[in-house]
Amino acid sequence: MPDLIKVLIVEDSPTVSQILTSLISSDATLQVVGVATNGAEAIRLTSRHRPNIITMDVNMPQMSGMEATEYIMAHQPTPILVLTAFSKQDVNLSLNMLSAGALEIMEKPDADQWQNRKERILDRLKLLSRIKVITHVRGKQRVFQDKPGENHPELIADPHRQIMPLRPEKPVKAFSEQSTVASAPRPPEKTLAQPTALPPKADHKPLTGKYEIVGIAASTGGPPALSRLLGQLPANFPVPIFVVQHIPAGFSSGLADWLDGETPLKVKLAEEDEVPQPGFVYLPADDRHLTFWSDGRLHLDESPSRYGLRPSADLTFESMAQVWPGKTLSVMLTGMGRDGSQGMRSLNQAGGYNIAQDEASSVIFGMPKAAIDLGIIDKVLPLLDIAGYLKQIFRLA
């Protein structure tokens, strides 16, 4: 019998933690090994129980989910699913938690919706628990003290019960200045295997086209990858960029606002019939496909989801191939599943140029590998090299 998947719940609401415990315990393959009411307890229980997956709240007393995520991902990397209330503040903090190493965001259901979301929550816990996460160095800049608190005399008998908040040893730099997924050292036990999909030996086609558009697809691990890539591009980037990032409904606007602060480019949600402009990055609105009219104007498509996804990168790439045949650059970033690979096939057949992130710098190699396996990728690059390559193509470097 396979080992149980150990789950640590981090949640300051007793009601929510009880609901989560009940939902998770109903699955015979999952085991709740602890419940923490703040980030400090989360760190202690992670060290004690070594869970396979953590559900992490955002706003908590004593130590936030952000601080706990930073520390855990620096010292004991563990898959983390962020469960957040829907508010602008929580969305921004949740996205910053992804930058610190958490894998995905999920909105907390309303009180009467937990049972309806049960299967989705359990499925994500199982999937994310299998991801081999890596060390993130930004949390190593913090000093962590584990000692009893003066206001909790009942804890003196157990000196490890109370954990004091993190104290910065030196100012913590902004995310864009940090080493992240692509550059963080990998602990030996977490080292990923060599790529199972062989990258092309050379470019499939020379870079001789006049490219008018860039499309990017991403899923799990995508927001921090997008931050690093877009953050290296200049404000005078000469063509529009279209991004399809899989993210729960309700978070698209927050993602656009967050990315806008991470890059010199202007990032916004696409609007119906909008004419795309150079130096802008366009994201689809919630629960809409991003496609294009024949004259290049943006279209927010309400057609059914493809493989359970709306927005779908396949639809965006297929539409790009029809409107700008042979004049497209596309990039496949980290992500789970196969979305975008068939759309990239259309771009390839139309004469476009396709780039994929390599396995070593991907949180999940699923989407890049699917495109590489189809033989339609012209260049495989580490995350931190993609922006430089794009600047080289457009003679910006």
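R306 is partly exposed, with a relative accessible area of 26%; the classes are buried (under 20% relative accessible area), exposed (over 50%) and partly exposed in between, computed with a 1.4 Å probe on protein chains only. The model is predicted, with local features requiring pLDDT of at least 70 and side-chain atom pairs counting only at pLDDT 80 or more, whereas totals for chains, interfaces and linings use all residues. Residues are numbered from 1 along each chain as its sequence is written, and side-chain values use heavy atoms, with hydrogens and water left out.

The structure contains 13 salt bridges, a salt bridge being a side-chain nitrogen of Lys or Arg within 4 Å of a carboxyl oxygen of Asp or Glu. In one of these, R306 pairs with E318 at 2.8 Å, N to O. R306 lies in the loop between strand 13 and helix 8 and E318 in helix 8, so the contact ties together parts 12 residues apart in sequence. Helices (H or I, at least four residues) and strands (E, at least two) are DSSP runs, numbered from the N terminus.

A salt bridge also joins D287 and R310, with the closest N and O atoms 2.8 Å apart. D287 is in the loop between strand 11 (280-283) and strand 12 (289-292), and R310 in the loop between strand 13 (298-301) and helix 8 (313-323), so parts 23 residues apart in sequence are tied together. Both residues are partly exposed, D287 at 36% and R310 at 24% relative accessibility.

K108 and E11 form a salt bridge of 2.8 Å, N to O. K108 is located in the loop between strand 5 (104-107) and helix 5 (114-129) and E11 in the loop between strand 1 (5-10) and helix 1 (14-25), so this pair ties together parts that are 97 residues apart in sequence. Both K108 and E11 are buried. Together with D57, these residues are linked in a network of salt bridges.
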